[in-house]
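Let's take a friendly tour of a protein model. Have the sequence and the 3D view ready, and follow along one topic at a time.

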Amino acid sequence: MNMDAPLGSISVETFLKDYWQKKPLLIRQAIPDFSPPVTADELAGLACEPDVESRLIRFDANEDHWSLEQGPFPESRFAELPDSQWTLLVQAVDHWIPEAADLVERFRFIPSWRVDDLMISYAAPGGGVGPHYDNYDVFLLQASGTRRWELGGVCTEDSPRRPDAPVMILPEWKPDQSYDLEPGDMLYLPPQIAHNGYAVGDDCMTYSIGFRAPAHNEILRSFSDFVGEKLGREIRYADPDLSLQTNPGQIGQDALNRVQAILASYLKDEAQIARWFGRYMTEPKYPELEEVQEPPSIEELQQWLAQDIPLRRNEGARFAYLDKAGEASLFANGERYPLTCETLPLAEALCLRNDYTPAQLPNLNRDALDLLCRLIGAGALYPVLD
Ligand code: SIN
Ligand code: CO
């Protein structure tokens, strides 16, 4: 796979300048000779697993009726399906299949902590999720068969939607563009663009690399919780400069200024914001699936490294690092690991890729080895032992 040209004929610089978060882009043969790392059978297998998030969406044209079923599915479910007008969607396939995680690495020209997951859909002829919009950016990579993508208009929360459908369906929507995507073709969509993709013919698989952008309401709530949890109950609003009011019920400008100053004092604390944001943006998608274990000893780790055993980022793990505000930190799965100038180069290397030969791990001093052991114990890294 050509990582130097992740978007085929268009450069990453042009993409970021003219398209990212701005307008759709169709890239023919973004990945020429694309060979999908996950087959339709493997996808159906994943949809039967209890820990995997999957959905089956069907449209009954006679009844004009949309239906939604949540996985896991019994294997027999797939044999019962009609010949057309259904689609199976499996979320976070990159969390389960290392080759799928490697495909997502191709999109690291966007910060890795903005990536949500790789969703894969398989659709019978005519199958799709209906006209809708999403609140996130997505790259839609055609993996097999043909999918027709119809696009048109920017939607918001106020856009009308069908009240009777279990998924978002935009009623009476008219597309103004239509493209047939063949394997290797890719369509980028920024948030809120109305779209409808359906299979034209058999064996239609689409890989969606979806991004995440926290809503302002989540940012404010999460930061407030983070700061608030650390504050004792004795630090309080104070008004030693209080002057006599004509009406005791009035909230005067002086009171508003005091409370605004309290809020501003926390928002001015860059180090606190950095510690919170790194944790927040690396929280795992499925925290309940995290597997913490006894960390290896430094000696055990040294043996693996001496045998040239590679380490790999756990498929579900999110990493980021930060070197600012007078302190450096590595964040992995919502945890903060303080860094020193001794361990910063290792953290940078861990954030550059998702697998590492020992030679790709710089400055393996004792602190760095200890950090690796802790990351293995936390389930963020694992040695590829076989
Ligand atoms: C798909 O059906 O593969 C993608 C669904 C979407 O449009 O978000
Ligand atoms: Co969509």
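Histidine 132 counts as buried because its relative accessibility is 11%, and the cut-off for buried is under 20%. Histidine 195 is buried too, with a relative accessibility of 4%. Keep in mind that this is a predicted model.

- Histidine 132 sits in the loop between β5 (115-123) and β6 (138-154), while histidine 195 belongs to strand β9 (residues 193-211), so the pair ties together parts that are 63 residues apart in sequence.

**A sheet of three strands**

- Now look for an open sheet with the strand order β11-β12-β13, where the pairing is antiparallel.
- Its edge strands are β11 (319-324) and β13 (335-339), and each of them pairs on one side only.
- From one strand to the next, the twist averages 20°.
- Six bridges link β11 with strand β12 (residues 327-332) in the antiparallel sense.
- To see one bridge for yourself, find tyrosine 321 and its partner in β12, leucine 330.

**Helices across the sheet**

- Helix α7 (residues 270-281) lies across β11, β12 and β13, and runs at about 20° to β12.
- Helix α10 (residues 366-377) lies across β12 and β13, running at about 175° to β13.

Definitions and conventions
Residues are numbered from 1 along each chain as its sequence is written. Chains are lettered from A and ligands numbered from 1 in the order in which they are written. This is a predicted model: local features need pLDDT of at least 70, side-chain atom pairs count only at pLDDT 80 or more; totals for chains, interfaces and linings use all residues. Side-chain values use heavy atoms; hydrogens and water are left out. Two strands pair if DSSP finds at least two bridges between them. Helices (H or I, at least four residues) and strands (E, at least two) are DSSP runs, numbered from the N terminus. Axes are lines fitted to C-alpha atoms, for helices over the stretch in contact, and angles run from 0 to 180 degrees between N-to-C directions. Contact means heavy atoms within 4.5 Å. Buried means under 20% relative accessible area, exposed over 50%, partly exposed in between (1.4 Å probe, protein chains only).
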